[in-house]
Amino acid sequence: MTRYLILGISAAGLSAIDAIRQRDPEGQITVVSKEPEPCYSRVALPYLIAGEKNLGQITLQPAEYFQRQNVEVVWGVGAAALDAASKQVRLEDGRILSYDKLLIATGSRSRVPPVQGIGEAEVCYHWTLADARRIEQASEGAQHCFVIGAGFISLLTINALLKRAHLRYTVVEIADQVMPQLLDEAAGRRLEEEMRKLGIEVLLGDAVTAIERGRNGRYVIHLRSGQERQADMIVCGTGVEPNVQFLEGSGLEIGRGVKTNERQETSLPDVYAAGDCAETRDFLSGEAVVHAIWPTAVEQGRVAGANMAGDSLTYPGSLSWNVTELFGWACASVGQFREGPGLEPIVFYNPSTGVYRKILLDGEDRVVGVVVIGRGQDVQELGVLQSLIRRRSSVSRWKRHLAGERVNYGMMAYESLKAQMAKS
C-alpha cells in the first residue's frame with residue numbers, strides 16, 4: 001500500500017487528493033495543514049470581509065469529505081524539515097511522518113516589505129482566514145485606512161472594506177499605475193479613475209519608508225517623496241512569496257519556488273510540488289515562473305496527484321489568468337497583456353461606457369493575451385480566448401472584427417478547432 005503525504009490543503013492539495021483517489025482507492029493519504037480547520041477558499045476571503053458570506057459558505061470541503069476519501073488530516077501544524085534520504089517529514093511539533101510519495105503544496109505567504117517600523121505596527125495583511133478576521137477587527141472604529149501597494153490583493157481588500165466600513169482610504173504604489181502585475185497602463189488608468197471617483201487617494205511612484213506611532217496614537221506613515229500621512233489602520237498587500245523555508249538543507253532544488261518538471265516532479269525522487277510554492281514554465285515564454293493563482297494550483301495538483309499514483313500526465317505550462325470585480329468594474333487579464341516586440345495590439349475603447357479591451361497577437365496572428373476592464377458581460381467569454389491561446393490558434397480570418405465592441409469568440413474558437421481537426 002502506497003503512503004501518500006501531502007503538505008498543504010488548499011487548491012493544489014485538494015486537487016491532488018481527488019486525482020490520487022481516482023487511481024488508487026486504497027492508498028494511505030495523510031495531509032498536513034498549517035492552518036486549523038476548516039479547509040476554506042482563500043479567494044473567497046474578500047466576501048467574508050465584506051460580510052457577504054460566512055465561513056460555512058466559503059468552506060471547500062467539510063470533515064465528512066476527508067472521512068469518505070479515507071484521508072487523515074493533521075490540522076494546525078506545519079512542516080519543519082524534509083529528510084528525503086529516509087523519506088520522512090518532521091512537523092513543527094516534533095512528529096515524524098514517513099512517505100512513499102510526497103507532494104509539497106505549502107502555498108505562499110504575504111511578503112513583508114523592508115519598511116522601518118513595520119514589524120512593530122499592527123499591520124493587516126490579506127492572505128489567510130486569520131488575516132481576514134484581523135482586518136474586520138481593525139476596521140471597527142477606524143477612520144483612515146492607509147494601504148501599501150495597489151496590486152491585486154490590496155485593491156480586493158479595499159473593495160471588500162467599502163462594503164462594510166465607512167473609511168477614508170489612501171493607497172501608495174511604487175509603480176506608475178495601479179495593478180501593474182495584471183493590467184496594462186491604459187487599463188490601470190481606467191481603474192484609477194474609478195478609485196478616485198470613490199474618494200480614494202492614490203499616490204503613484206512613491207513608497208513607504210517608515211511607520212511610527214504618533215502622539216495621538218495614530219500611525220504616521222513616512223513616504224519616500226517626503227510626504228506624510230496619518231492613519232489608524234494599515235493594510236499591506238505587496239505580493240506573496242512561496243512557503244519553502246522549511247526545505248532549507250533538504251537538497252531540493254529551489255529557485256523562485258520549488259523547481260519542477262512537466263510532471264510536477266522535483267529534483268528529489270518521489271517528491272512533487274504544486275501550487276503557489278512550485279516553479280514551473282510559462283506556457284507562452286517558456287521562462288521559469290511561479291503563478292500564485294487558483295486555477296494554476298488546481299491543475300498542477302491534479303497532474304502531481306495523478307503521477308504520484310502511477311499515471312503519466314504532463315503540465316503544459318502556466319498561463320496567467322485573473323478575473324475579478326473591483327469598484328463596480330470587471331477587471332481581467334489572460335496571458336501576455338503588455339505590448340512588446342513582434343506583438344500587435346488590437347484595442348477597443350468606448351469613452352461613453354468606459355469599456356476598454358486590448359487583444360495582443362503575435363506575428364502569426366495568434367492570440368497571446370488580452371486585458372479588459374468593463375462590465376460583467378465584457379469578460380464572460382475570456383475562457384474562449386484562453387483556449388485559443390492554449391491551442392496557439394491563428395485568428396487572421398477574424399482579425400478585423402477584434403476591434404469591435406462585441407466579438408463572437410465562440411465562433412472563432414469553433415472555426416479554429418475545425419481547422420485543426422482538418423489538418424490532423
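Which residue in S13 does Glu173 stand opposite?

Tutor: Glu173 stands opposite Leu204 in S13. First, the basis. This is a predicted model, in which local features need pLDDT of at least 70 and side-chain atom pairs count only at pLDDT 80 or more, while totals for chains, interfaces and linings use all residues. Residues are numbered from 1 along each chain as its sequence is written, and side-chain values use heavy atoms, with hydrogens and water left out.

Now the sheet. S12 and S13 pair in the parallel sense over 4 bridges. Pairing requires at least two DSSP bridges between two strands. Strands are DSSP runs of E with at least two residues, helices runs of H or I with at least four, both numbered from the N terminus. The open sheet has 4 strands in the order S13-S12-S11-S17, with parallel pairing. Strand S13 (201-204) and strand S17 (233-236) stand at the edges; each has a single partner strand, so one side of each lacks a neighbour in the sheet. Neighbouring strands here are turned by 15 degrees against each other on average, direction ignored. The axes behind that angle are lines fitted to C-alpha atoms, for helices over the stretch in contact, and angles run from 0 to 180 degrees between N-to-C directions.

Leu183 lies between strand S12 (168-173) and helix H7 (185-197). Leu183 counts as buried because its relative accessibility is 1%. Buried means under 20% relative accessible area, exposed over 50%, partly exposed in between (1.4 Å probe, protein chains only). Leu183 touches residues including Leu191, Cys331, Phe337 and Val371. Contact means heavy atoms within 4.5 Å.

Note on methods:
Lists of a residue's contacts leave out its neighbours within four places in sequence.
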